[in-house]
Amino acid sequence: MTNDDGSVQDAAAALAQAKAAAAAAQAAADAAEAALAAATRRAAEAQAAAAPVDPEPVVPTQPIASTQPVAPAQPIASGPLSPAAVDAVRAGYDFAGEALQMGALVNGEALADVQVRIPLGMVARHGLVAGATGTGKTKTLQGLAEQLSAAGVPVFAADIKGDLSGIATPGASSDKLTERTRGIGQDWKPTAFPTEYFTLGGLGTGVPIRATITSFGPLLLSKVLGLNETQESSLGLVFHYADAQGLPLVDLADLRSVLSYLQSDEGKGELKDLGGLAPATVGVILRELITFSDQGADVFFGEPEIDTADFLRLASDGRGIVSLLEVPGVQDKPALFSTFLMWLLADLMNDLPEVGDIDKPKLVFFFDEAHLLFANASKDFLSAITQTVRLIRSKGVGIFFVTQTPKDVPGDVLAQLGSRVQHQLRAHTPDDAKALRQTVQTYPVSEYDLGEVLQSLAIGEAIVTVMNEKGAPTPVAWTRMRAPQGSMDPTPAADMQATVQASPLLARYGTAVDPDSAKEMLARRLDAASAAAARAEAETAAAVQAAKTEKERLAAQKKLDAEYDRVTRQAQPRRTTTRSSSTRRSSKTPMEQVLGSPVTKTILTEVMRGIFGNARRR
């Protein structure tokens, strides 16, 4: 053997070098085997700790050298979660009481034995269903509504696109549907659920829902009209005046009448002690009301007003009735739609008694297109929403807001939501990326890279976390959601119309009525004021005319008296002073005797009375 420089290598040195290399290789092999044994042991320990029954001990195939470095454990299951995390999800959603099945955990593939559920009693702690358009939000909502109905819980939901109406029609089976439901452990059967259709003011197919302006209130109406804080305060003053004066505000015409009256000569002093109304502010409100009315909003306000207790009904078989509100033109009146739903919630909160924590809700309210409610909302309005969401839970009502991203819901409201179902989010724009980061920050810590997972969710899959029976959040779970048992297509229009015609509510709410309200009352008040003014004007005119007539009569009377005196003087003859009085009396001419007689004077007096209607004044 030779060295690198060409010299002859010593045999003993070469042998020693070869032995050293072999020893180093053996040491490396031993270290690798020790690392593999340590990883195997750690995985076995984790699996044993999570399993309900202790498994047989795992004996390492190679001795473990404590002096060798130990490599970190790696998950042995396919998917993003380790076996320990999978078992934690299984245990986290294993509830003792009644629960709604939401779907099965996805860990590479759906695990039918790891079911994701929500305790029925925790549905009253509210929730959020979010996700981009077309990711399965509506079907998630339908699946939850079906299970709530089956559990005897009434449901109210806004059917924005008409898709939810399929809940009233049994679903159609298919090979693809069977494969999906079998894969998540769902025992799927086509089922129809009791459904009632409603519509705002009768625009569409359903029993009309109306509200009076008085019950709607100035805060919600200000949100609909887009008023600023000053205008909102002035509108509140108008409502206060109408209530104090016993003027029912039933529809928009009533409110316009009150505003116009308070700016009229008859009514502008009514609010003087309360600060009054600025003409410019009243002008803005009146213009907004006219625009609002031109958009067709008149039909939403009036009587008969819906009794929200009708949304809490059960069918004859004990299932909860699903009340669907058809909103065909929500894009034209988004503020009205969202605010009207808020009125329904506020009315429920005012009418329902306190029940505290109960085994199942009295009603679950799905608030679709929730971002419309919070857009351009004033601080007072947001405060009212937050208070309603916080307090209505104690009335047994659960609310699920349905929107595209959690950032659409204010933080104070989002903090009240105990359950989260987040479908796929997209990050195609900087704003989308920001929304994605904000969404990830709202979830509990987990082994998921949520920023990646939320963008890779398939249609009908979602990231779920809910409140367990003790009120603590459950582990974050990538879930393949259950398929609805009702039809995924809308119910035919003819079937919907037949359901509406057969509804017992149609007789109560189907026909609008125009009761005696502020408009009619103020019209009568103004008519009475006009009549009183006309009477006063007539009396003044009569007094003026009477004074004029009296003046003319006195002038005529004076003229007649003068003429009488003249005639009398002319009738007297010339007489001398030497005649005696008796001679003068006897020497009167016949004319003097006639004119001087009492009878003649009486006749002249009566003639003048007949002309002027009054006696002479001498």
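Some ground rules. This is a predicted model: local features need pLDDT of at least 70, side-chain atom pairs count only at pLDDT 80 or more, and totals for chains, interfaces and linings use all residues. Residues are numbered from 1 along each chain as its sequence is written, and side-chain values use heavy atoms, with hydrogens and water left out. Helices are DSSP runs (H or I, at least four residues), numbered from the N terminus.

Back to α6. Its buried residues include Leu235, Leu237, Val238 and Phe239. Buried means under 20% relative accessible area, exposed over 50%, partly exposed in between (1.4 Å probe, protein chains only). Among the elements covering them are α7 (252-263) and α17 (518-571). Just after α6, Gly246 takes a positive phi of about 65°.

Now α7 and α17. They pack at an angle of about 35°, axes 8 Å apart. Axes are lines fitted to C-alpha atoms, for helices over the stretch in contact; angles run from 0 to 180 degrees between N-to-C directions. Contact means heavy atoms within 4.5 Å. From α7, Val258 and Tyr261 are among the residues involved; from α17, Leu522 and Leu526 are among them.

Last stop: Glu266, in the loop between α7 and α8. Glu266 is partly exposed, at 44% relative accessible area. Not counting residues up to four places away in sequence, Glu266 touches Tyr261, Leu526 and Ala529.

Technical notes: Helices (H or I, at least four residues) and strands (E, at least two) are DSSP runs, numbered from the N terminus.
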